[in-house]
Amino acid sequence: MTPASEAELAEAVATAASRGTALRIRGGGTRAGLGRGPVGEVLQTSGLSGISLYEPGALTIVAGAGTPLSDIQAALLAENQRLPFEPMDHRVLYRTNGSPTIGGVVAAGASGPRRIQAGACRDSLIGVRLVTGTGEVVKNGGRVMKNVTGYDLVKLLAGSHGTLGIITEVAFKVLPAPEAAATVTLSGLDEVQAVGALTAALGAPYEVSGAVHLPGDEAVTAVRVEGFEGSVAYRAERLTDILGAFGPVAVERDADRVAHFWERVRDLSALAEGEGDMWRISVRPSDGPRVVAALSHPPAVMDWGGGLVSIRPAAGTDVRAALSGIPGHATLLRAEEATKARFGVFEPEPAPLARISAGLRGTFDPKGILNPGLMAGPGADIAA
Amino acid sequence: MEMPVPDKEILARKDRVVRDLRRLIADDSVISDPFETRAYECDALTAYRCPPLAVVLPRSTAEVARVLAYCNAEGVPVVPRGSGTSLAGGALPTADSVILGVARLTEVLETDFDNRFIRVQTGRTNLSVTGAVEAEGYFYAPDPSSQLACAIAGNIAMNSGGAHCLKYGVTTNNLLGVTMVTMEGEIVEIGGAHLDPSGYDLLGLICGSEGQLGVVTEATLRILRKPEGARPVLMGFTSNEVAGACVSDIIKAGVLPVAIEFMDRPCIRACEAFAKAGYPDVEALLIVEVEGSEAEIREQLEKIIAIARTHNPVELRESASAEESAAIWKGRKSAFGAMGKINDYMCLDGTIPVSALPEVLRRIGELSTEYGLEVANVFHAGDGNMHPLILFDANKPGDLETCERMGAEILKLCVEVGGCLTGEHGVGIEKRDLMTTQFDAPDLEIQMAVKDVFDPNWLLNPAKVFPLHVSASRRDA
């Protein structure tokens, strides 16, 4: 099914709900592999494509959910603006083709290295339209960046993986693209030293917009600054002083090389190219080294100053059991279906929160037809 | 403003409810004397008052849980209260409700500079959160005007903003985790010192839910290193349109100031008379502030001033010292006080697309003539969050009602041009009955259905946010 309009989509969902037909919602298909399943009849959002409003002077863009991300980025670039949260491109990780859509970005709540400074996808998202599991069209938020009118369902929808509703339109607050950028790097640090260095950088008033450690034999620890030329030069110099306490520092000022480095960090390229289970673990940054140690130092990327550990342990490792006692959560990004079924893809919630989440799911999609099973817990049978 | 008729049956068992509450938590944490409960009869929306059945001021999350479990079992409505600074009536009680205040929960529980967060009890004031970390060079970014008095609990309930949110975001963008008590008395932890959830973003849903989904007793907040310096520039223009165009051009040029404040002539004159900040007598005034090191400030101000010059400013004043910076901010920061000095006023909070600014200001001017009430405009221009102040005379019969009707027209105008009813104050009771102008029935139905999940009996702050006729069947069930 590829509805050509929101009204058509709503009708299709209403029909599916009345028949109890499961729907598998698909944007560009580049994240197929995130979550369990999928099961059900494919419902494609590509018919809901196009930028309906873009006001550079108001830092606002509104687009249909099926709009290719590349269209959004091209329109923004023409005005020297960008999406602040640096959405991850999942094609390397999931070995998929196709073109990511903006609706898919939102459904996955995909955020990249800049999340630590500019916020997550949900922080830039200011409005959504959606079709619920009963085929009702609902809007929330709007096109203005300060809005506290009613409950913030915008945030709830970001990262809900299509299980609360099919997002049909999204509105974003965007930011100016920087004139310049620089990466300041250290080499050869272990995880504890590296997080120490990143903490020093993030604790300084220099607006670091990326802070990553790539462990291994040729470990690299890097921080990024972005902005006007003079400001970037100044802050790179200050950060060189600060990081100098941890070892010899190199500064990269070439725009293309800076961009390429952070793209590979964003997409977990080196890590994702290898085989095996991939986990995404969010903890307080100082616990990052404990996570890597608890899993016996498998290949990993420690982003967000150490707080986001993407890691590739031996297949079938019970990562959550290994990390018990470390506050945070672990998501199983990539694995065999049986492994996903065994552990559950998303961190199981404590009972009271699980009840609330189930209640919300039941409210938005009472028949359970939207991406059924995608967010199912450990052991749940999701056969169609 | 209509409020639900208090439940006579609850009023009749007041003594028993109070006695039970005193058994559940420390005796001196329960206030029932009608003389003392009067202190809780309103918040900062003082036009509406009603003393509650009783007030409880728990000293721990466990006590909050006991009170909520009891009220839930007994069917007694609960109105959560931070510091009572809501401009929207968010903490207005009904006669049959128990006010649950977090005023005694003010501790700092943890500060962690390596991980850049602070965990506090939510009765703590906004400013004192920064106070707890500023010696180490950190601050908590959201800065509502009431930050000296307002509590973090209320900031979370209303998703409060402030003058600096163009750069730093509002409460929801700076909130990492909460300890919340549900109406059933269950204590839940949402989020923490790590970023982002694995499953649904319940934290994002709680923030801004106006105390209708749960009572937040502890919060983990992101703290940031203070910038090396900050400096404002003041610009005067011959019309609102020109000032609006200047704002848009600054943003388009890639500069992201930490604040862009806008004042129109009535507001400039009132502030000048009150604060004597040395403001020029112009149609429209902008205060633009940038941050960074000395060189970074220079780099940004040069760009901003170059843009401003293309709009032929009649005044352009760059601060050259801390004293001059303070003088530039002095008038703006005393705007509400200055208005209060000359008149009673109603402060609106609608947000509009920045591009609609000239049109909206023109139409507000027309409404002002039509209703015969003066309006002064002061607002956060970078993000389109307007604060029209409608001046009225509370002692003049009918003036408040006229003012409210005019306020409603202005808010409808904000919605009409693509904006919203409230940018940072919240709906409360003030904008409750206007919700149908912004939302269609299914939009409100799904929000109310979300409340059903958290508070099936609709006992938590029930008469707020949703128009009474829309929520009646749920509240009366």
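Predicted model: local features only at pLDDT ≥ 70, side-chain atom pairs only at ≥ 80, totals over all residues.
**Stop 1: where the chains meet**

Show chain A and chain B together. On the chain B side, 91 residues are in contact with 76 residues of chain A. The size of an interface is often given as the accessible area lost when the parts come together. Here, the area buried between chain B and chain A is about 6,600 Å². Carbon and sulfur atoms give 58% of that area.

Now select Ser198(B), Tyr200(B) and Ile446(B). These residues of chain B lose the most area to chain A. Together they account for 12% of what the chain B side buries.

**Stop 2: charges across the interface**

Stay at the interface. Side chains of opposite charge can pair when their charged atoms come close. How many salt bridges are there between chain B and chain A? The count is 11. For one example, select Glu424(B) and Lys146(A). They form a salt bridge, and their closest N and O atoms are 2.7 Å apart. Polar contacts can be counted too: 29 residue pairs make them across the interface of chain B and chain A.

Which parts of chain B supply the touching side? Color by secondary structure and look for these elements. Each supplies at least two residues of the side of chain B that touches chain A:

- strand E5 (108-112) and strand E9 (187-191)
- helix H7 (165-168) and helix H8 (202-206)
- helix H9 (240-252) and helix H11 (294-309)
- helix H16 (435-438) and helix H17 (441-454)

Which of them gives the most? H17(B) does, with nine residues. Sorted by class, the side of chain B that touches chain A has 38 nonpolar, 30 polar and 23 charged residues.

**Stop 3: salt bridges within a chain**

Zoom out again. Over all chains, the whole structure holds 65 salt bridges. Select Arg82(A) and Glu226(A). Their side chains meet in a salt bridge, 2.9 Å from N to O. This pair links distant parts of the chain. Arg82(A) is in strand E5 (residues 81-82) of chain A, while Glu226(A) is in strand E12 (residues 220-227) of chain A, 144 residues apart. Are these two residues buried or exposed? Both Arg82(A) and Glu226(A) are buried.

Next, select Glu252(A) and Arg257(A). They also form a salt bridge, 3.4 Å from N to O. Glu252(A) has a relative accessible area of 25%, so it is partly exposed. Arg257(A) is at 54% relative accessibility, so it counts as exposed.

Move to chain B and select Glu110(B) and Arg119(B). Their salt bridge spans 3.3 Å, N to O. Glu110(B) counts as partly exposed at 24% relative accessibility, and Arg119(B) counts as partly exposed at 27%. Now select Glu9(B), Arg13(B), Arg16(B), Asp20(B), Arg23(B) and Glu74(B). Salt bridges that share partners join these residues into one network.

**Stop 4: a sheet in chain B**

Strands of a sheet pair through backbone hydrogen bonds, either parallel or antiparallel. Chain B has an open sheet of four strands, in the order E1-E2-E4-E3, with mixed pairing. Which strands are at the edges? They are strand E1 (30-31) and strand E3 (78-81) of chain B, and each pairs on one side only. E1(B) pairs with strand E2 (residues 54-56) of chain B in the antiparallel sense, over two bridges. Select Ile31(B) to see it stand opposite Val55(B) in E2(B).

**Stop 5**

Select Thr185(A), in strand E10 (residues 180-187) of chain A. At 18% relative accessibility, Thr185(A) counts as buried because the cut-off is under 20%.

Then select Gly229(B). This residue lies in the loop between strand E11 (224-225) and strand E12 (230-237) of chain B. Gly229(B) counts as partly exposed, at 22% relative accessibility. Among the residues that Gly229(B) touches are Val290(B) and Ile297(B).

**Stop 6: positive phi**

Most residues other than glycine have a negative phi, and most peptide bonds are trans. Select Leu268(A). Its phi is positive, about 55°, although Leu268(A) is not a glycine. Leu268(A) is in the loop between helix H10 (255-266) and helix H11 (269-273) of chain A. At 6% relative accessibility, Leu268(A) counts as buried.

Finish with Asp196(B). Phi of Asp196(B) is positive too, near 65°. Asp196(B) lies in the loop between E9 and H8 of chain B, and is partly exposed, with a relative accessible area of 21%.

Definitions and conventions
Residues numbered from 1 in each chain as written. Chains lettered and ligands numbered in written order. Heavy atoms only, no water. Salt bridge = Lys/Arg side-chain N within 4 Å of Asp/Glu carboxyl O. Buried < 20%, exposed > 50% of the residue type's maximum accessible area, 1.4 Å probe, protein only. Contact = heavy atoms within 4.5 Å. Buried area = accessible area lost by both parts, 1.4 Å probe. Polar contact = N/O pair within 3.5 Å; in protein donor to acceptor, adjacent residues only side chain to side chain. Nonpolar A, V, L, I, M, F, W, Y, C, P; charged D, E, K, R; others polar. Pairing = 2+ DSSP bridges. Lists of a residue's contacts leave out its neighbours within four places in sequence.
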